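Please look at the sequence and the model before reading on.

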Amino acid sequence: MSIEKKNIKKKWNLENIEHIKEYNKNYYKNNKKALDYYHKNKDLINETKKEKMTCICGSSFNKHMKIRHEKSIKHNNYID
Ligand SMILES: [Zn+2]
């Protein structure tokens, strides 16, 4: 990176430092919420993940694989 570019970035950072701080704070807060949710519902989430289900196409898979399965060739061949 050229010195000129570095200076521009430095200047930008200085001008936006409050904004960046705020952004980081919010990011942490939002992440914390998600983490809290995960910890409170860990067992439930794990149980749900383990649950098996059978699709209309005849495949069986774990519930958390549903979205991936619905994109699979086998499933889409059945739908078509
Ligand atoms: Zn399917």
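In which helix does Lys33 lie? Lys33 belongs to helix H1. The model is predicted, with a mean pLDDT of 88 for the chain, and 100% of the residues reach 70 or more.

**Overall build**

- The chain contains four helices and two strands.
- In sequence order these elements give the pattern α-α-β-β-α-α.
- The chain is more spread out than a compact globule, because its radius of gyration is 23 Å, well over the 12 Å that the globule rule gives for 80 residues.
- The C-alpha trace spans about 60 × 35 × 15 Å along its principal axes.
- Of the 80 residues in the chain, 0% are buried.

**Domains**

- Two domains divide the chain: domain 1 covers 1–40 and domain 2 covers 52–80.
- Their C-alpha centres are 40 Å apart.

**Helix H1 and two of its residues**

- Helix H1 runs over residues 3–40 and has a kink of about 65°, centred on Asn16.
- H1 is hardly covered, since the count of buried residues among its 38 residues is zero.
- Lys33, in helix H1, is exposed because 10 other C-beta atoms lie within 10 Å, and the cut-off for exposed is 12 or fewer.
- Between Lys33 and Ser60 the C-alpha to C-alpha distance is 33 Å, at a sequence separation of 27 residues.
- Asn26 is also a residue of helix H1.
- Asn26 has 10 C-beta neighbours inside 10 Å and therefore counts as exposed.

**Helix H2 and Lys49**

- Helix H2 is made up of residues 42–50, and Lys49 is one of them.
- Is Lys49 buried or exposed? Lys49 counts as exposed, because it has 11 C-beta neighbours inside 10 Å, and exposed means 12 or fewer.
- Leaving aside residues up to four places away in sequence, Lys49 touches Asn62, Lys63 and His64.
- The C-alpha atom of Lys49 is 8.2 Å from that of Met65, which is 16 residues away along the chain.

**Confidence by element**

- Which element of the chain has the lowest mean pLDDT? H2 does, with a value of 81.
- The highest mean pLDDT among the elements, 95, belongs to helix H4, residues 73–79.

**Points to keep together**

- Lys49 lies in H2, the element with the lowest mean pLDDT, and its listed contacts are Asn62, Lys63 and His64.

Technical notes:
Residues numbered from 1 in each chain as written. Predicted model: local features only at pLDDT ≥ 70, side-chain atom pairs only at ≥ 80, totals over all residues. Domains from an automatic or database assignment. Buried ≥ 20, exposed ≤ 12 C-beta atoms within 10 Å, placed from the backbone. Contact = placed C-beta atoms within 7 Å. Rg over C-alpha atoms; globule rule 2.2 N^0.38 Å. Bend = angle between axes of the 7 residues up to and from the residue. pLDDT = per-residue confidence, 0-100.
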